[in-house]
Amino acid sequence: MEKILLRILFASSVAAAPFIMKRNNLLMYMTVFFAKCVLSSSLDSIFIKKGNISYPVRPFAKIFETNILYDLLFYPLLSVLWVRWSYQSKPLELITRSLVFSGPMTLLQWFLEMKTDLFRWKSWSALHTFASINFTLFTIRGFVGLLRRITPEINVRGGNFVEERANSKMLSPEFIASTANHRLPNDKYAQIQ
């Protein structure tokens with residue numbers, strides 16, 4: 001049953017990925033995706049090494065101690081959705097929106113821990129899961145806010161990232177043509193001709 005659940009999760013995540021990762025904002029979404037991959041894998045590895053949590057049934061069990069399906073696909077896609085949905089939220093609204101993500105995920109993990117072998121909590125509880133999910137959500141959201149300050153050319157409209165470079169100067173076609181025909185004195189190709 002656990003392997004069927006993992007296959008369903010994998011198939012649904014792969015099917016949802018093109019709709020979550022919009023083309024016009026792909027750079028920012030990929031940054032969020034990979035940042036969440038690093039954060040989830042790092043935290044998961046720490047808690048597994050401490051013996052707080054384990055994943056008895058997981059993909060590539062002989063290679064990875066963590067469940068790479070959660071850490072490298074499912075949670076990062078949810079983080080991209082979280083950033084898209086909460087980017088322009090005020091602090092109180094941000095907290096309530098985080099509960100929409102962390103509450104159901106905590107309850108689902110608690111249920112799956114009791115009924116399946118997908119999770120094994122040793123010195124872990126639903127409260128730990130709730131806290132870790134919220135920690136990663138707010139960390140990723142803070143990371144996006146930091147990126148926004150560092151790269152001011154990325155503006156937000158309607159809750160989605162839109163790259164806009166109004167002050168950037170395009171090279172003129174004349175300049176491009178003149179540089180394409182220009183040969184340096186030591187250009188071996190020009191000397192051969």
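Visitor: Which helices each supply at least two residues of the lining of the largest pocket?
Guide: That would be α1, α3 and α4. A helix here is a DSSP run of H or I with at least four residues, a strand is a run of E with at least two, and both are numbered from the N terminus. Before we go on, this is a predicted model, with local features needing pLDDT of at least 70 and side-chain atom pairs pLDDT 80 or more, while totals for chains, interfaces and linings use all residues. Residues are numbered from 1 along each chain as its sequence is written, and side-chain values use heavy atoms, with hydrogens and water left out.

Visitor: What makes a space a pocket or a cavity?
Guide: Lining residues have an atom within 4 Å of a point. Grid points are joined across faces, edges and corners, and the volume is the space filled by probe spheres set on them. The largest pocket has a volume of about 240 Å³. Its lining has 13 residues, with Leu-9, Tyr-70, Phe-74, Leu-108 and Leu-112 nearest the centre.

Visitor: And how many cavities of 30 Å³ or more does the search find?
Guide: One, in the whole structure. The largest cavity holds about 310 Å³ of space. Of its 20 lining residues, Tyr-75, Gln-109, Ser-132, Ile-133 and Thr-136 are the closest to the centre. At least two lining residues come from each of α2, α3, α4 and α5.

Visitor: Why is Asp-44 called buried?
Guide: Buried means under 20% relative accessible area, exposed means over 50%, and partly exposed is in between, using a 1.4 Å probe and protein chains only. Asp-44 has 9% relative accessibility, so it counts as buried. Asp-44 is found in helix α2, residues 26-50. Leaving out residues up to four places away in sequence, Asp-44 touches Ile-53, Tyr-55, Thr-66, Asn-67 and Asp-71, where a contact means heavy atoms within 4.5 Å. Across the chain as a whole, 36% of the 193 residues count as buried.

Visitor: Then why is Met-30 labelled the way it is, buried, exposed or partly exposed?
Guide: Met-30 has a relative accessible area of 28%, so the label is partly exposed. Met-30 also sits in helix α2.

Visitor: What about Phe-60, buried or exposed?
Guide: Its relative accessibility is 54%, so Phe-60 counts as exposed. Phe-60 lies in the loop between β1 (53-54) and α3. The phi angle of Phe-60 is near 50°, a positive value in a residue other than glycine.

Visitor: And why does Ser-123 get its label?
Guide: With a relative accessible area of 45%, Ser-123 is therefore partly exposed. Ser-123 is in the loop between β2 (120-121) and α5. Beyond four places in sequence, Ser-123 touches Gly-51, Asn-52 and His-128. Between Ser-123 and Gly-51, 72 residues apart along the chain, the C-alpha separation is 7.4 Å.

Visitor: What makes a set of residues a nonpolar core?
Guide: The members are buried Ala, Val, Leu, Ile, Met, Phe, Trp, Tyr and Cys residues joined through side-chain atoms within 4.5 Å. The largest one has 36 residues, of which Met-21, Phe-33, Tyr-70, Leu-77, Val-80 and Phe-119 touch the most other members. Helix α3 gives the most to this core, with nine residues.

Visitor: How do you know that Arg-97 sits over the ring of Trp-85?
Guide: The rule asks for NZ of Lys or CZ of Arg within 6 Å of the ring centre and within 35 degrees of the ring normal. The charged end of Arg-97 is 4.6 Å from the centre of the Trp-85 ring and counts as sitting over it.

Visitor: Which residues do ring pairs link into a cluster?
Guide: Tyr-55, Tyr-70, Phe-74, Tyr-75 and Phe-119.

Definitions and conventions. Rings of Phe, Tyr and Trp (its six-membered ring) pair if their centres lie within 6.5 Å; planes under 30 degrees apart count as stacked, over 60 as edge-to-face and the rest as tilted. On a 1 Å grid over the protein atoms alone, a cavity is a set of points where a 1.4 Å probe fits but cannot get out, and a pocket is an open set with protein on both sides within 12 Å along at least five of seven lines; lining residues have an atom within 4 Å of a point.
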